[in-house]
Amino acid sequence: MKLEFLSALCAILISINLATADPNECELPPGLREEIAQYQPVVDSIFQLIVSGEYAGKTWQSLLEFTDRFGPRLTGSKQLEDAIDFAVQEMIAEGLDNVHTEEAIVSHWQRGREWAELVEPFHKNLPMLGLGKSVGTAPEGIRAEVIAVESFEEFENFTADQVEGKIVVFAPAWVGYGPTGRYRYDSPSVAAKKGAAAVLIRSMTPFSIGTPHTGTLSYDPEVRRIPAAAITVEDAMLLLRKYRRGDKMIIHLKMDAMNLDPTISRNTIGELEGHTFKNTSVVVVSGHMDSWDVGTGASDDAGGVFVSWKAVTFLKAMGLRPRRTIRAIYWTAEEQYLEGASEYERQHSDGEKDEFNVFFESDSGTFEPTGLDFSGNSDAQCIFAEIAKLMTGYDEFTFTEGSVGSDIGNWVRRGFPGVSLRNKNENYFWYHHTEGDTIELEDPAALDRITALWAATAYVIADLSIDIPKDVVSYSFQ
């Protein structure tokens, strides 16, 4: 399960540029190409109304009000549950169909007060963020000598006697969120096996201005749990250089983090009900409602929530009701190993082959859109390639092999078609899981173009005379 999660997580932002269907060579069912082409006026109207018409700027304005009102929305927090209540009330007011929530048992971690300081050979504050699910220190904290390494391979050269009671600093080179991210997940248990007292990890980012980045770790259940926190790139590299010079360093680390009993949260749902198929062949558009407890989670992932939410709201306001239902889902507890989406999947496992058609998810930033990534079999890719031609101003769509998104990853890997946003997110990891993830990252015009792209694509798929082909693999839930 852990490897499956990491695979899905890496797919959030790492696109695999492997085209597997040439739209010019596709053989579509008779008449389907002509049917799809007939949607061009509707698609153009959707873009006009959202990008430059009466709905222009409204996605950004709603996102602004939401993030200012509720701030960070850590799983288990009152802010998250208040935000869910608000979303339900607003969707009902907007006239969406079947608005409701579905409960999920989720983790409940609290950060508490925390700090780290280099006390020898000189005093220096070390900005830090405890990692999600980390245990805390004793009340007096941990004051210990430092070992600093760049890689797990380098750490293997240390004996347990050398590591016992020390704080281990991991400062891996950034080579991408997937490969480098394993240090955040695995370092606490790797170090604890040799008796380390705690770990400090270089933040998962290619660029820093003294900013720590949080995120969830993964404890090996067979290994003693030790405190773990992220420190800035600058401090991690300083500590690594000093250690390699032979400098003796002592750090004082204090963390009040606590793992409380699991609690109840909710996935939030609102629909544009289909006029022919209400509860079958549903097209899902989604993002996750929770965030970390730093910043306001505007980019990760309130932006993904609002492009999905407003896509459905605007289609409703335009009087466009497709054959199939478009269901907006705002997942809970994504940052806690996809707990909300996993519970939703368990709850909808009976008859899911008939219930669902295609899954959309935006969870890789909401910057200037450049197209859509798609995952599905070759027949599905051929149909999607034809639909992509309708999207005015978007010439280059990329079709990916493998998982698309995070929360929808399980469905995609089991054969359901998946769609995720392609956008200019080169700087996404500069702000990811930091105090810098706020509304200042979001551009109103870009959000309009994303919402229009999301709404138009979902509408065409939901209204076609045929389902998008899928190859569903059965799955056993424990």
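**Exercise 1.** Does tryptophan 430 count as buried, partly exposed or exposed, and at what relative accessibility?

*Solution.* The model is a predicted one, and the class follows from a computed value. Buried requires under 20% relative accessible area and exposed over 50%; tryptophan 430 has 28% relative accessibility, so this residue counts as partly exposed. Tyrosine 431, at 29%, therefore counts as partly exposed by the cut-offs too.

**Exercise 2.** Classify the ring pair formed by phenylalanine 152 and phenylalanine 170, and state where its members lie.

*Solution.* Start with the geometry: the ring centres are 5.5 Å apart with 65° between the planes, and the pair is edge-to-face. Next, locate the partners: phenylalanine 152 belongs to helix α6 (residues 152–155) and phenylalanine 170 to strand β6 (residues 167–170), so that the pair, 18 residues apart, links distant parts of the chain. Finally, consider accessibility: phenylalanine 152 counts as buried because its value is 10%, and phenylalanine 170 counts as buried because its value is 0%. For contrast in geometry, tryptophan 430 and tyrosine 431 have ring centres 6.4 Å apart and planes at 45°, so that pair is tilted.

**Exercise 3.** Describe how helix α4 and helix α5 pack, and which residues make the contact.

*Solution.* The axes of α4 (residues 58–70) and α5 (residues 78–93) lie 10 Å apart at an angle of about 145°, and the crossing is right-handed. The contact involves Phe66, Arg69 and Phe70 of α4, together with Gln79, Asp82, Ala83 and Phe86 of α5; by class, these are four nonpolar, one polar and two charged residues. Ring pairs also link Phe66, Phe70 and Phe86 into a cluster with Phe306, Trp309 and Tyr330.

Terms used:
Residues are numbered from 1 along each chain as its sequence is written. This is a predicted model: local features need pLDDT of at least 70, side-chain atom pairs count only at pLDDT 80 or more; totals for chains, interfaces and linings use all residues. Side-chain values use heavy atoms; hydrogens and water are left out. Axes are lines fitted to C-alpha atoms, for helices over the stretch in contact, and angles run from 0 to 180 degrees between N-to-C directions. Helices (H or I, at least four residues) and strands (E, at least two) are DSSP runs, numbered from the N terminus. A crossing is left-handed if the near helix is turned anticlockwise from the far one by less than a right angle, and right-handed if clockwise. Contact means heavy atoms within 4.5 Å. Ala, Val, Leu, Ile, Met, Phe, Trp, Tyr, Cys and Pro count as nonpolar, Asp, Glu, Lys and Arg as charged, and the others, Gly among them, as polar. Rings of Phe, Tyr and Trp (its six-membered ring) pair if their centres lie within 6.5 Å; planes under 30 degrees apart count as stacked, over 60 as edge-to-face and the rest as tilted. Buried means under 20% relative accessible area, exposed over 50%, partly exposed in between (1.4 Å probe, protein chains only).
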